[in-house]
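Hi,

Here is the structure I promised to pass on. Have a look at it first, and my notes on two spots follow below.

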Amino acid sequence: MTDLFGTFGIRGVTNEKVNPELAMKLGQALATHLDNEGKVAVGYDPRTSSEMIESAITSGLLSGGCDVLRLGMVPTPVLSFSTKNYSCDAGIMITASHNPPQYNGMKFWDEEGAGFIRDKEDELVEIYSGDKSEQVGWNELGKTEEVDAVKKYKNSLLEKVSEFDEELKVVVDCASGAGCVTTPYILRELGCHVVTLNSQVDGHFPGRLPEPTSEHLGDLKNAVKSMEADLGIAHDGDADRTIMVDENGEIVSGDRVFALAGINYLKDIDNPRIVTTVATSSVMDDVAEQLDGEIERTKVGEPELVEEYKKNGADLAGEENGGVIFTDWAMARDGMMTAVQIIDYMTRTGKTLSELSDTLPDYKQRKRKAECPNELKQDVLADLTKKFEDENPITKDGLRIEVEDGWYILRPSGTEPVFRCFSEAKTDEKSEELVRKGMDALRDSIEKVKNS
């Protein structure tokens, strides 16, 4: 069961890897981990299978003696926020994030609303796979309670941030996901003229797939331009990430969203410390330098970010995919707060989103992948490590090879049977050269391992 957890949480096709039996047993395992007492917050995104999984995992928790705070359909940031603010001992979010509708999954949270670090995941797997779960007697079973967590989250966010200095027209594309119940309402309260797109909850994701990539955001880009809006906002299925479209209908990548939100959020903090991953753009190094701060890079995955800022502190954390953690607000990636920070930056400075993006250095990126069965990944990585040993790669997560005017990374996916290759440089030509070099080496290693 060592592959039960991926980059963050458990994910798989419904009624194959992720089914009611797994959910119930994991609920019992978490209750045992909590010494068969305490309170657990449970929420879910609007996938067609989410209520089924919620019922099963709730049954497991109750049979293990834990009370369950049922939040219903909420974004992941609301689950994280509620776990801490309702004084729960743990939280579970039922979501497959950006994956297609046939997928679902579970993410586990500690009492601070932070994702389980790897040690906690391992402890849960040990209880689950070792059949060590304990059930309590009939008179010790847990109880359920339902709360309006969305209302409490929205009110708290609105207390923390100020109304925007001017009214901007914003097109919000929630992918029919969990962000439908938060983002449009929050932005209207803060003074935006909000136009919604794909913002009716539907677990089939009929308007677009929940991964907010450029190929899925054509309607948003067209809407921003045709309506002469100031910007567009796109969430993934559980709204812990945000990608943006500027006033010209151009995508602002996750790296740059992270950078712009960070600049605004950290503007009054001296020498801020930023935690990010080995796959995040060098633009974050530039942000740290601009703010006279420091940056620390970890393995890819929210648990690694959490572990680093819990150990050594951080004022901001995040990843290249538009997921930003505002550590004094909530200890999880928050797509709503990310959008709020960037709109505040725009209205505070009077600049358009493209003008703000232009204040950042321009880097060219390439992202490729190759199919690689999960059972071969470690052998492929070992072969790549030998190939590149003379280039002194950073080995925190796969291989990051840094060259004079760029870098590229080769790492196994934690959620799919693929190996990824990212490159970044100051020119398209150099970025393409680096990703080709990485992909050539990767394909060669995969074939070598397959035939060995």
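**Notes on a strand and a glycine**

In strand β19, the bridge partner of Trp407 is Glu424. Please keep in mind that this is a predicted model.

β18, covering residues 406-412, runs antiparallel to β19 and is joined to it by seven bridges. The two form a hairpin, with five residues between them.

Strand β16 (residues 364-371) also pairs with β19; these two run antiparallel as well, with eight bridges joining them. Here Gln365 is the residue that stands opposite Glu424.

How many of the eight residues of β19 are buried? Eight of the eight, so the strand (residues 418-425) is largely enclosed by the rest of the structure. Val418, Arg420, Phe422 and Glu424 point one way, while Phe419, Cys421, Ser423 and Ala425 point the other way. In a regular strand, side chains alternate between the two faces of the sheet.

The other spot is Gly60, which lies in helix α2 (residues 50-63). Is Gly60 buried or exposed? Its relative accessibility is 0%, so Gly60 counts as buried. Leaving aside residues up to four places away in sequence, Gly60 touches Met24, Gly27 and Gln28. Gly142 is 82 residues from Gly60 along the chain, and their C-alpha atoms are separated by 9.8 Å.

Best wishes

Methods: Residues are numbered from 1 along each chain as its sequence is written. This is a predicted model: local features need pLDDT of at least 70, side-chain atom pairs count only at pLDDT 80 or more; totals for chains, interfaces and linings use all residues. Side-chain values use heavy atoms; hydrogens and water are left out. Buried means under 20% relative accessible area, exposed over 50%, partly exposed in between (1.4 Å probe, protein chains only). Helices (H or I, at least four residues) and strands (E, at least two) are DSSP runs, numbered from the N terminus. Two strands pair if DSSP finds at least two bridges between them. Contact means heavy atoms within 4.5 Å.
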